[in-house]
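User: Hello! I am new to this structure and would like to learn how to read its features step by step. Could you show it to me and start with a loop?

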Amino acid sequence: MLGRSFFSKLLIAYIILVVVYTIIAVCVSFFKDGQRVRSELSQNQQHFLLQSRDKIDMKLGVSSNLIAQLKYYEHVVKFAGKERNYYEITQSSYALQNHINAFSEFGYSIDLMKTNDDLVITPQYSLDKKRYMESIEMTEEDFKQIGTESTSPTVTLSSSHDLTSTADEGGSIRIVNPEKVGAGNSLFFVVTFYEQLLLPPLSPETQEAFAIIENGRFVTLKSSFDDKRREQLIAYPLAQLDELTTGDYTKLSTDEFDFHLIRSQTMPQWSYLYVTQNYSLIDSFMPNLKGAALLLAVLVLAGLAFAYMVSRRMYRPVSHLVGLFKSYGEPAGTDEFAFLHETATSISKANEQLKSALHEHRLSMRDKFLRDLLHGLVPPDKTDYLLHTHQLQGLRGNLTVCVVAFSNMKELEEHYSKDAILTIKSQTSLILHEQLKVHFPCELLDLDFAKYVFIIVESDTDNIQKKLMKAMARIEDGHAFGLIAAVGPPADSVNEIDRSFDQALDILKRRSATDPTSVVTYEQLSSIQMVSYYYPIDSERELISYVIRGKRESAMHTLNRLLSDNLEQRQLTRQQLDQFSLLILATLNRIMQQLNMSSDEFAELHKESLEAVQHGESMERMTAIMTLFGAMVDTIDRQNEMMDNSTVKRMIDYIHENYNKDLSLSMIAEAFNFSPGYVSIAFKNHSGDNFKDYLNFYRVQQAKEMMRQQKDIKIGDLALMVGCNNANTFIRMFRKYEGLAPGQYAKKLTEKQ
């Protein structure tokens, strides 16, 4: 009978069919898209040529109108006379300068000269004809083209731009217009157009050219073609193109180029030529290549899924037959022997995996046993057996439990992910374990996300404290995070370490009540009597943070814990109670300062509660304090309603307008009449970014745009332009958001262009 090979052949046949059909469908779609791309490209090229013609003709028309005005200007008329008058020459030069300044954005200038006079007037100065010809690079051959009377035709002189050069040399085009001025006198207006302002800009990403041709010759040529294609274009017979040019759009295609032609409406002897690379069918496919590849992948995957389902359905009777043979344990052909071999191999592998899982499970059972010991859940009669089972016979005699945690957990959570914190905790616990094992036997156990436990075979807590502090100091010297530890009292046996563990946890909670040290023992904590108030600075910061952010539940929980510890559990004197109350009121004042609130107005509204805090009994003070902080959170909730998205949007607009200044959070707060602390939190809540990150990121984006526009800009100048007074700070900031220095980014921009 046929075995699994039948299913494979069936599946392969369907896959081939699906793939061939999919490729044909995508190719047809690809071809249609290519035709559409070519049509859109042709329309865009025609629109570009028509738009360029209109812009150039408009500039030519403006110059013609200006000449028409100048020929009737009284000083120009007098200059056209036979006698030379320097006053009229000076006034004519002023007239040229005034007219040119009025139309400076059109990029041209006008000079005056007479054939019977050696003097030429320009907008800047007057000079003799020979020096003028040298300054504008006019040859004797060019000069001979100019007639001597007003009836001479308008002459276009050759561009001063080298047509064979690919560099932008800033060439110019000169048109000599003879005009009859005054009583039959001839005057020549030499109009100079600057190619850079006259010709349209070309895209640096494509190969194209724009030219003006006249009587079968190039007047000027601007090109982004490579050297080979540029030479081919220059060598092309222009007379043929000039003959085809009319007032309407004309297109001529060759193997290499597409020529787009149209006649000037202002200068009839001029033709505008826009040349693009003749795109093949494959070239037109390139913009859609990514989409076609994605479509092909999706269709192939869908087809494979379809082929698999059909193949399985058709193979179902064969599969049922194989199942019948397998249930009897009889062979079912050569393919079934292979199936049996594979089954035996998989069972062997499963056995190995089971052994490995049992070993890992044994390790996890060891940790569970240690946890049960710490929580007092192990029956005493089973302790010795379980110690032996988990190879923990070393836990005999006097034992001490030590709990270790991070001292700056909140800072770690702000800078590192949870996975990174777990890795840091794992590494530090292993380092501490190796160093402690040198001095006494001990076992390590993870407790939770932030803490781990050492069970140490030692009763001298002072010795443990010294060794642990030394080991922790080595870790803290090389890293930016700190560690704290609590050492419980010694236990006489392994069944009593739960009490040592509980007291170590309690010590860790109350460590701020002792002298500041990284390792606290039960002896240090027991020597302190509960007769002084307890208000650590960390708790105050936590309370202020919750209140300002409007976290009512967290703020009230923190406040209730502080009040319960001081007003219910501790035995405070009247003086200590007054001092603690003053500290609570000082915290309230700090919150109002950060929120830019009026303390007098708040005091007037809550006069009775403030009086109870200062002079009431313990429980009265506790109730009044809770009332005051609840009112403060209510006030912040109202401010949050005022600070809506539109306000933050106006803050962002303010940043965009003033990013190039030494902008600070205080300036934003002052501009919008909020406190800096509150603006910082509100900006983060509404925009998702803190103020400094958003400002720096926007400065980097503006710096990138400036580098695109000014290729030779210095880094120091760029830093000042975006509001950074220090170039090194700007470089670090740019590298943070872009992954490379500003100089490297500018180099990449140059390479792309």
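Analyst: Happy to. Helices and strands are DSSP runs, a helix having at least four residues and a strand at least two, and they are numbered from the N terminus. Please keep in mind that this is a predicted model. Now for the loop: Thr122 lies between strand E2 (119-121) and strand E3 (126-128).

User: Is Thr122 buried or exposed, and which residues does Thr122 touch?

Analyst: A residue counts as buried when its relative accessible area is under 20%. Thr122 has 5%, so Thr122 is buried. Leaving out residues up to four places away in sequence, Thr122 touches Ser93, Leu96, Asp111, Leu127 and Tyr132.

User: And where is Thr461 placed?

Analyst: Thr461 is in helix H15 (residues 461-477). With a relative accessible area of 3%, Thr461 is buried. Its contacts, again not counting residues up to four places away in sequence, are Thr400, Val487, Gly488, Pro490, Thr521, Tyr522 and Glu523.

User: Let's turn to sheets. What is the order of the strands in the open sheet of 5 strands?

Analyst: First the general idea: strands of a sheet pair through backbone hydrogen bonds, either parallel or antiparallel. Here the order is E8-E7-E11-E10-E9, and the pairing is antiparallel. Strand E8 (217-223) and strand E9 (250-253) stand at the edges with a single partner strand each, so one side of each has no neighbour in the sheet. From one strand to the next, the twist averages 20°.

User: How many bridges join E9 and strand E10, and which helix packs on the sheet?

Analyst: E9 pairs with strand E10 (residues 257-263) over 4 bridges, in the antiparallel sense. Within this pairing you can find Ser253 opposite Asp258 in E10. The helix is H7 (residues 227-235), which touches strand E7 (208-214), E8, E10 and strand E11 (270-277). The direction of H7 makes about 160° with that of E8.

User: Now the rings, please. How many aromatic pairs are there?

Analyst: Rings pair if their centres lie within 6.5 Å. By this rule there are 11 aromatic pairs. Take Phe257 and Phe259: the ring centres are 5.9 Å apart and the planes stand at 55°, so this pair is tilted. Phe257 is buried at 3% relative accessibility, and Phe259 is buried at 0%. For another arrangement, look at Phe697 and Tyr737, an edge-to-face pair with 5.7 Å from centre to centre and 70° between the planes. This pair links distant parts of the chain, since Phe697 is in helix H27 (residues 691-709) and Tyr737 in helix H29 (residues 727-738), 40 residues apart. Phe697 is partly exposed with a relative accessible area of 41%, and Tyr737 is partly exposed at 24%. Ring pairs also link Phe48, Phe210, Tyr272 and Tyr274 into a cluster.

User: At roughly what angle do the axes of H27 and H29 cross?

Analyst: An angle of 65 to 115 degrees counts as roughly perpendicular. The axes of H27 and H29 come within 10 Å and cross at roughly 95°, which makes H27 roughly perpendicular to H29. Among the residues making the contact are Phe697, Val700 and Met707 of H27, and Phe730, Met733 and Tyr737 of H29. By class, this contact of H27 with H29 has 8 nonpolar, 2 polar and 5 charged residues.

How values were computed:
Residues numbered from 1 in each chain as written. Predicted model: local features only at pLDDT ≥ 70, side-chain atom pairs only at ≥ 80, totals over all residues. Heavy atoms only, no water. Phe/Tyr/Trp six-rings, centres within 6.5 Å; stacked < 30°, edge-to-face > 60°. Buried < 20%, exposed > 50% of the residue type's maximum accessible area, 1.4 Å probe, protein only. Contact = heavy atoms within 4.5 Å. Axes fitted to C-alpha atoms, helices over the stretch in contact; angles between N-to-C directions. Parallel < 35°, antiparallel > 145°, perpendicular 65-115°, else oblique. Nonpolar A, V, L, I, M, F, W, Y, C, P; charged D, E, K, R; others polar. Pairing = 2+ DSSP bridges.
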